[in-house]
Amino acid sequence: MESTKTRSTLRVFVARLVGTTVFDPLGDAVGKVHDVVVLIRLRGQPRAVGLVIEVAGRRRVFLPLSRVTAMEPGAVITTGLVNIRRFEQRRVETLVVGELLDRVVTMRDGSGRVTIRDVAIERDRGMDWKVTRLFVQRGSSGPLGLRRGETFTVRPDEVSGLAGSADQQGATALLATMEGLKPADLADVLSDLPLSRQLEVAAELSDERLADAAEELSDDEAVALLSGLDAARAADVLDAMQPDDAADLVSALPASMAARLLDLMEPDEAEDVRRLMSYDEYTAGGLMTTEPIILPPEATVATFLAQARKAEVPPALAAVAFVCRPPLESPTGRFLGMVHFQRALRERPQQLLGSVLDKDLDGVHANDSIGTVTRLLATYNLTALPVLDDAGRLLGAVSVDDVLDHLMPDDWREADDAVTDEMIERSANA
């Protein structure tokens with residue numbers, strides 16, 4: 001965070017404020033700054049009224065700036081307790097990071113259009129916070145448009161279009177605030193944006209990054225986002241998703257759209273999704289993924305460890321290798337057993353997996369209930385279970401994170417941290 005102090009003012013640049021820890025008067029951390037809320041008026045200086053901070057459980061709450069006693073590098077200090085009511089943006093409010101950064105505005109002196117890269121808020125003598133400076137950048141220059149334009153600061157009254165529409169806003173600065181976020185946190189940020197803004201951000205994300213985030217969105221949010229994409233892009237995102245998550249999402253789409261996207265997907269990926277869609281949602285088959293780590297018995301421990309290191313392998317599935325006879329694509333040849341990651345770490349790299357198999361667990365059938373799957377995962381302290389057919393072939397694997405997703409209420413991402421009655425009832429009836 002960059003700040004400049006004088007006898008009567010404190011200037012803070014918002015993009016650098018994001019992520020700063022918020023402390024109560026006793027020095028206990030209560031959350032982190034997520035955004036700044038401003039009021040943009042037709043006349044007069046825009047006024048900053050509060051911070052959106054993220055507290056435990058990824059809940060976003062509103063903190064009035066009147067309760068902020070100090071902003072220092074790495075810390076925001078408040079006067080007392082934070083109201084934990086979830087933040088709901090009002091029509092008259094504008095989010096600086098979510099809506100102003102990257103907005104294209106016009107210089108009133110006739111020198112052209114500029115893009116807002118940062119916004120400075122400043123406390124005046126009356127202890128009110130005002131938007132006093134905009135850090136802006138001119139368009140690219142040079143014969144190919146490769147040279148970035150000059151940057152400079154202006155007062156808000158030196159530009160027009162500050163309260164413009166969403167189509168005046170790009171995604172560069174917003175994406176910069178998302179860099180390094182885990183998929184669940186990225187999904188949380190996306191869910192707070194209007195759909196038009198989500199689609200703009202989605203256009204700048206890679207298929208893999210967008211797929212990771214889509215897997216963490218609620219069904220309704222993921223359907224809305226996917227429906228807003230070009231069909232070819234939507235199919236590419238489905239290809240990049242875990243097959244079980246893709247199947248859940250395709251099942252929630254209108255039938256005509258689902259059929260079209262399945263036709264556009266890679267044939268192998270589409271086949272996996274269609275197969276998973278044939279099972280009931282709350283069975284092992286409906287929960288499983290078709291892409292766990294599958295290796296032959298003659299593969300070495302070193303091979304398993306190399307597979308587990310791949311970034312695209314979820315942690316729950318990286319903890320175990322499923323050893324089978326060829327073919328190694330599901331449905332495989334005969335399932336032989338599992339090798340746990342911890343056991344592999346105790347063996348020599350050249351040790352064959354077939355010699356260190358765990359053969360004590362038979363696995364579950366595709367039609368077994370989620371209750372059966374949950375009990376086995378808990379009983380044997382596993383992160384994933386093999387799903388087998390009647391011939392003993394591996395169809396896929398159910399991971400503990402997929403079970404949790406289905407045990408939790410549909411709105412668990414927005415709910416409080418306390419365990420809900422719906423979760424308990426669903427678990428008890430499974």
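At what angle do helix α6 (residues 207-214) and helix α8 (residues 231-240) pack, and how far apart are their axes? The legends below take up this contact and further close-up views of the predicted model.

**Figure 1. Packing of helix α6 against helix α8 in the predicted model.** Two packed helices are described by the angle between their axes and the distance between the axes. For α6 and α8 the angle is about 70 degrees, and the axes lie 8 Å apart. Because angles of 65 to 115 degrees count as roughly perpendicular, α6 is roughly perpendicular to α8. From α6, the residues D207, E208, L210 and A211 make the contact, and they meet R233, D236, V237 and A240 of α8. Sorted by class, this contact of α6 with α8 comprises four nonpolar and four charged residues, with no polar residue.

**Figure 2. The largest cavity and its lining.** Rolling a probe the size of a water molecule over the atoms shows where empty space is left. Across the whole structure, a search finds one cavity of 30 Å³ or more. The largest cavity holds about 30 Å³ of space. Its lining consists of L210, A214, A222, L225, L226, L229, V237 and L249. Two of these lining residues, L210 and V237, also take part in the contact between α6 and α8. Helices α6 and α7 (219-228) each contribute at least two residues to the lining of the largest cavity. The largest contribution to this lining, three residues, comes from α7. By class, the lining of the largest cavity has eight nonpolar residues, with no polar and no charged ones.

**Figure 3. The largest pocket and the elements around it.** The volume of the largest pocket is about 1,200 Å³. Its lining is made up of 40 residues, and those nearest the pocket centre are Q242, E291, E312, V313 and P314. Two or more lining residues come from each of α6, α8, α9 (243-252), α11 (267-277), β15 (294-295), α14 (315-318) and α17 (400-407). Helix α11 gives the most to the lining of the largest pocket, with five residues. Divided by class, the lining of the largest pocket has 19 charged, 15 nonpolar and six polar residues.

**Figure 4. Strand β4 and its pairing partners β3, β5 and β9.** Strands of a sheet pair through backbone hydrogen bonds, either parallel or antiparallel. Strand β4 (residues 29-39) pairs with strand β3 (residues 21-23) in the antiparallel sense over three bridges. In this pairing, T21 has K32 of β4 as its bridge partner. The hairpin of β3 and β4 has five residues between the strands, and G27 takes a positive phi near 90 degrees there. Strand β4 also runs antiparallel to strand β5 (residues 47-55), to which seven bridges join it. The bridge partner of K32 in β5 is E54. With strand β9 (residues 93-95), β4 again runs antiparallel, joined by three bridges. Here V37 is partnered by L95 of β9.

**Figure 5. The open sheet of β18, β19 and β20.** Three strands form this open sheet in the order β18-β19-β20, and the pairing is mixed. The edge strands, β18 (364-365) and β20 (394-399), each pair on one side only. Strand β18 pairs with strand β19 (residues 384-388) in the parallel sense over two bridges. Within this part of the sheet, V364 stands opposite V387 of β19.

Definitions and conventions
Residues are numbered from 1 along each chain as its sequence is written. This is a predicted model: local features need pLDDT of at least 70, side-chain atom pairs count only at pLDDT 80 or more; totals for chains, interfaces and linings use all residues. Side-chain values use heavy atoms; hydrogens and water are left out. Axes are lines fitted to C-alpha atoms, for helices over the stretch in contact, and angles run from 0 to 180 degrees between N-to-C directions. Helices (H or I, at least four residues) and strands (E, at least two) are DSSP runs, numbered from the N terminus. Angles under 35 degrees count as roughly parallel, over 145 as roughly antiparallel, 65 to 115 as roughly perpendicular and the rest as oblique. Contact means heavy atoms within 4.5 Å. Ala, Val, Leu, Ile, Met, Phe, Trp, Tyr, Cys and Pro count as nonpolar, Asp, Glu, Lys and Arg as charged, and the others, Gly among them, as polar. On a 1 Å grid over the protein atoms alone, a cavity is a set of points where a 1.4 Å probe fits but cannot get out, and a pocket is an open set with protein on both sides within 12 Å along at least five of seven lines; lining residues have an atom within 4 Å of a point. Grid points are joined across faces, edges and corners, and a volume is the space filled by probe spheres set on the points. Two strands pair if DSSP finds at least two bridges between them.
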